[in-house]
Amino acid sequence: MSVKRDTSPAQRIRQDRLPTMWCAGCGNGAVMSAFVGAVDRAGLDWNRICTVSGIGCSGRIGGYLRTDSIHVVHGRALPVALGAKLARPDLTVVAFMGDGDAYSIGGNHLLHALRRNDDVKAIVINNMTFGMTGGQPSPTTPLSALGGVERPSHGRGMFDGPTLSAIMGASYVARWTAADFTQLRNSIERALRSSGFCLVEALSQCPVQFGKRVVREPAEIVKWIKDATIGIDEAASRGTTHGRMLVGEFAVPGEGLNPKLLGLIKG
Ligand code: SF4
């Protein structure tokens, strides 16, 4: 016998789990809120969503949402999400991962999910550090932050998951900051509506662990992240990224890789 859950707006977050364990000013809540809004806008049945999350502060999202959820070991959200999708193709399966989860420990799983074009939606909360374990550098930590230099800079050596995903043929790929709430929610909605592998990355502020490398004040680190990004359209019109991280839609269904992105990569 199936049991119908109460999925009224107030019940989309597990009230008994509140308050969250997240620090004041953390961007994880904004990403979770964008996801809730995206599910509603996409008109999905909350009873047919399975969330899978790995280890880390952002990995708690799966536990806070009132969906069927699986909390797995570090870096293994994608293979478990694929297993859930194969067992229950009627479900929308969403993997929440941090940058360490998706691009470091789970990086190989990402490559093969892209190769197979698994029908899984990946939401990567990229706070540019291993937050839960004390702020160690991750594959996305900017070189400028490693030296404690307060200068937003992408720099070489920073793993670019959205560009990789778009080049490898993901159905839908986008990156925004956690402060770009409307764009982030709309991109998650578009990913939820698309078939095949989709990846939406949110550049999220971690004022506590990443902040100690740059600036701790939440409002200031949000500004730091915004200053470290540039829209794909603007970068294309200037012919350069100015060493900043691109935000926007990297690939869309039916059109594939954003041609403006290709020009910037070659540049
Ligand atoms: Fe958020 Fe960073 Fe605190 Fe983790 S350590 S909850 S990522 S602010």
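Q: How many aromatic pairs does a search of the whole structure find?
A: The search finds five aromatic pairs, a pair being rings of Phe, Tyr or Trp (its six-membered ring) with centres within 6.5 Å. The model is predicted, so local features need pLDDT of at least 70 and side-chain atom pairs pLDDT 80 or more, while totals for chains, interfaces and linings use all residues. Residues are numbered from 1 along each chain as its sequence is written, and side-chain values use heavy atoms, without hydrogens and water.

Q: Why is the pair of Phe 35 and Trp 46 called edge-to-face?
A: The planes of Phe 35 and Trp 46 stand at 85°, with the ring centres 6.3 Å apart, so the pair is edge-to-face. Planes under 30 degrees apart count as stacked, over 60 as edge-to-face and the rest as tilted.

Q: What makes this pair a tie between parts of the chain?
A: Phe 35 is in helix α1 and Trp 46 in the loop between α1 and β1 (49-53), so the pair ties together parts 11 residues apart in sequence. Helices (H or I, at least four residues) and strands (E, at least two) are DSSP runs numbered from the N terminus. Ring pairs also join Phe 35 and Trp 46 with Phe 96 in a cluster.

Q: Why do Phe 35 and Trp 46 count as buried?
A: Buried means under 20% relative accessible area, exposed over 50%, and partly exposed in between (1.4 Å probe, protein chains only). Phe 35 has 0%, so it is buried. Trp 46 has 3%, so Trp 46 is buried as well.

Q: Why is the pair of Tyr 103 and Phe 159 called tilted?
A: Their planes are at 35° and their centres 5.0 Å apart, so the pair is tilted. Tyr 103 lies in helix α4 (residues 99-105) and Phe 159 in the loop between α6 (143-146) and α7 (161-167), 56 residues apart.

Q: Are Tyr 103 and Phe 159 buried, exposed or partly exposed?
A: Tyr 103 has a relative accessible area of 5%, so it is buried. Phe 159 has 30%, so Phe 159 is partly exposed.

Q: Which residues have the most contacts inside the largest nonpolar core?
A: They are Phe 35, Leu 65 and Ile 188, in a core of 45 residues. Helix α1 (residues 28-42) gives the most to this core, with eight residues. Another core, of 32 residues, lies apart from it and includes Val 52, Tyr 103, Leu 110 and Val 120. A nonpolar core is a set of buried Ala, Val, Leu, Ile, Met, Phe, Trp, Tyr and Cys residues joined through side-chain atoms within 4.5 Å.
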